[in-house]
Amino acid sequence: MCGIAGIFHTEGPKPVDPARVTAMCDALAHRGPDGEGVWTAPGVGLGHRRLAIIDLAGSPQPMASSDGAAMLVFNGEIYNFRELRRELAAQGARFRTDGDSEVILAAWQRWGVDCLPRLNGMFAFALYDLRARTLLLARDRLGVKPLFTATLSDGAVIFGSELKALLAHPGLRREIDPLAVEDYLTWGYVPDHAAILKGVEKLPAGQYRLLRHDAAPPASVQWWDVSFAERERGSEADLGVHLLHRLREGVTSRMEADVPLGAFLSGGVDSSTVVALMAEASTAPVKTCSIGFDVAALDETSYAEKVARRFHTEHHARTVGADDYALVDRLAGMFDEPFADASALPTFRVCELARQHVTVALSGDGADEAFAGYRRQVFHHREEQVRGLLPAALRQPLFGGLGALYPRMDFAPRPLRAKATLLSLARSGEEGYARALAVTSEEQRAALYSSDFLRLRGDYRAEQPFIALMRNAPARSGLDRAQYADLKFYLPGDILTKVDRTSMAVSLEAREPLLDHRLIEFGARLPERMRVRGATGKYLMKQAMRRSLPDDVLFRPKMGFVTPIAQWLRGPLAAEARAVADGAVLARTGWFDAAALRTIAESHIAGVADHSRLLWQLVMLDRSLAKFL
């Protein structure tokens, strides 16, 4: 696990200043405290910061191929590198190290870009071929590891593991993209198809770019996708056995390390599954870490402790207090782009705790997307069944009219919150699911924006790319399309960004065994009844794990990492809430209606309404923009 950065000239082999690449890498020092290196040649410079995990004494980067004809900087892990090494050695490849980096170089020289589907891992890398004079930029299937790029006015393409590496280059423009602000206000993060600065791009998950010195930077090429269009056949028992095999594969393949290894443990289904399978495969007690809150309604530590006792783990726990809001500025610095998933705070704290005991931690991320574990997916599945009973010509006036009349009751028990469901049923499945996932609706955003910003935004709406993604998904059903969108949009944009930045901030490698692509592909082929059964999501996974985990862990209501931001914004952060309308950087942009922001802040502080998610978004946007404006 590391940080990479570099410069590549597409308008001829202009010289590259090594000091400039070094400065870009220095901005990523937290990602790799164990080593650093820079290599330059006419037209190209590659830089690396290393967090040593495998082959601790060897494998320095940038790394040359055995014949010196290719150079690599690599962030991530290749879990099947030993099998690939044996295959390549049988075909004549020579190896000088015991790590996975050299295997990527040999695989490229043997198979070219066709090496990518052979790599099982999480990765973002840059590989320069001195003979072909090309630079390959590649990202793993699901976007576990990030890669930012930008093309400068002199034709140079710069790249780095985080935006802060690009910001270290003086040629990067710092102009905010208003469409990315629209994206952020909608989703709470800037998705992978966008970036907060104009001219900056993120290489999409499962794609690569092959750059040449004498050609304009090409569009990225998709080398992997997941299809929901096929269905597995077999009994529930047979499919459960197959699923358990895939789960074990994902976990055991990610347990190899030459440094201490452990796991995050929340006490939920996913992290408990990972810990159970680690304990099964390990000869020593698994090291586990969990975070709790001093607000009882938000605390899950009793479940984590129960799982830890069950598997005799070496368990470490910490309670996060109500004063953790002091991390706001530090969080903004970790993410560079605005990021409003408030669970980033406890995620950072559990990474901080884990780093005191291990260098690698396995997480439970990915199962909700793969096996339909989110409540919104289960609701969407039910709504799609209703949509199938009535044509759109009837649904739109019927449910739209009822939804308009029904009062908004966010405070009420869920069965009484019918307004959102009625409005969703009046729309297409794709539009309804986009509305369910959005933090703010189109109507809410329009009421927040100033007339100047509405002109800047034009006809663009953040839901449009999401809806198009769902409509074009390789899928059979509405549930398929929702899961596909979560895997391709929400997972890399929110969940994986959160885990990458918070873990790397403390030089901890986080691995996601439930995102093994073989497991994801199998989950996408499961019949719907094996994913959702009644009101239960992740049905088959929960059934498969009943031999290892108790029902009160498998079937209790999903909580996730929840933070007491509503209380913070009425108490110690009340001044921050008011500042978004008056005096903060955000207020000075002129993009928002100050009176509307003031009303939202004051009604929340007074306890009249709960606007905590929106206010947290605005506070984090303000902190992020302060670095650019």
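The largest cavity in this predicted model has a volume of about 180 Å³. A cavity here is a set of points, on a 1 Å grid over the protein atoms alone, where a 1.4 Å probe fits but cannot get out. Grid points are joined across faces, edges and corners, and the volume is the space filled by probe spheres set on the points. The structure holds 6 cavities of 30 Å³ or more. The lining of the largest cavity comes to 21 residues, with F148, D192, P492, T497 and R501 nearest its centre; a lining residue has an atom within 4 Å of a point. Helix α19 gives the most to this lining, with 6 residues.

Next, the second largest pocket, which has a volume of about 320 Å³. A pocket is an open set of points with protein on both sides within 12 Å along at least five of seven lines. It is lined by 16 residues, and D192, H193, P204, L469 and K488 are the closest to its centre. Two elements, α18 (463-471) and α19, each give two or more residues to that lining, and α19 gives the most, with 5 residues. Helices are DSSP runs of H or I with at least four residues, strands are runs of E with at least two, and both are numbered from the N terminus.

Here are the two linings by class.

Residues are numbered from 1 along each chain as its sequence is written. Local features in this predicted model need pLDDT of at least 70 and side-chain atom pairs count only at pLDDT 80 or more, while totals for chains, interfaces and linings use all residues, and side-chain values use heavy atoms, with hydrogens and water left out.

How confident is the predictor? The mean pLDDT (its confidence in each residue, from 0 to 100) is 92 for the chain, and 92% of the residues reach 70 or more. Residues 411-416 are another story: pLDDT is below 50 there, and the stretch has 5 contacts in the model beyond near neighbours in sequence. Contact means heavy atoms within 4.5 Å.

On to the packing. In soluble globular proteins, nonpolar side chains tend to be buried together. A nonpolar core is a set of buried Ala, Val, Leu, Ile, Met, Phe, Trp, Tyr and Cys residues joined through side-chain atoms within 4.5 Å. Buried means under 20% relative accessible area, exposed over 50%, and partly exposed in between, with a 1.4 Å probe and protein chains only. The largest core here has 182 residues, and F125, L185, F592 and W616 have the most contacts inside it. Helix α19 (residues 478-504) supplies the largest share of this core, 11 residues. A second, separate core has 18 residues, including I4, L46, Y128 and L211.

A cis peptide bond, with omega about 0 degrees, joins Q61 and P62, and P62 sits in the loop between β3 (44-50) and β4 (63-64). S507 isn't a glycine, yet its phi is positive, near 60 degrees. S507 is in the loop between α19 and β17 (509-511) and counts as buried because its relative accessibility is 11%. K538, also not a glycine, has a positive phi of about 55 degrees. Its place is the loop between α21 (528-531) and α22 (539-544), and at 5% relative accessibility K538 counts as buried.

Finally, a couple of charged residues. R623, in helix α28 (residues 612-625), counts as buried, since its relative accessibility is 18%. Leaving aside neighbours within four places in sequence, R623 is in contact with V328, D329, A332 and E576. E314 belongs to strand β15 (residues 314-320) and, at 32% relative accessibility, counts as partly exposed. With neighbours within four places set aside, E314 is in contact with P285, V286, K287 and T288.

Note on methods:
pLDDT is the predictor's confidence in each residue, from 0 to 100.
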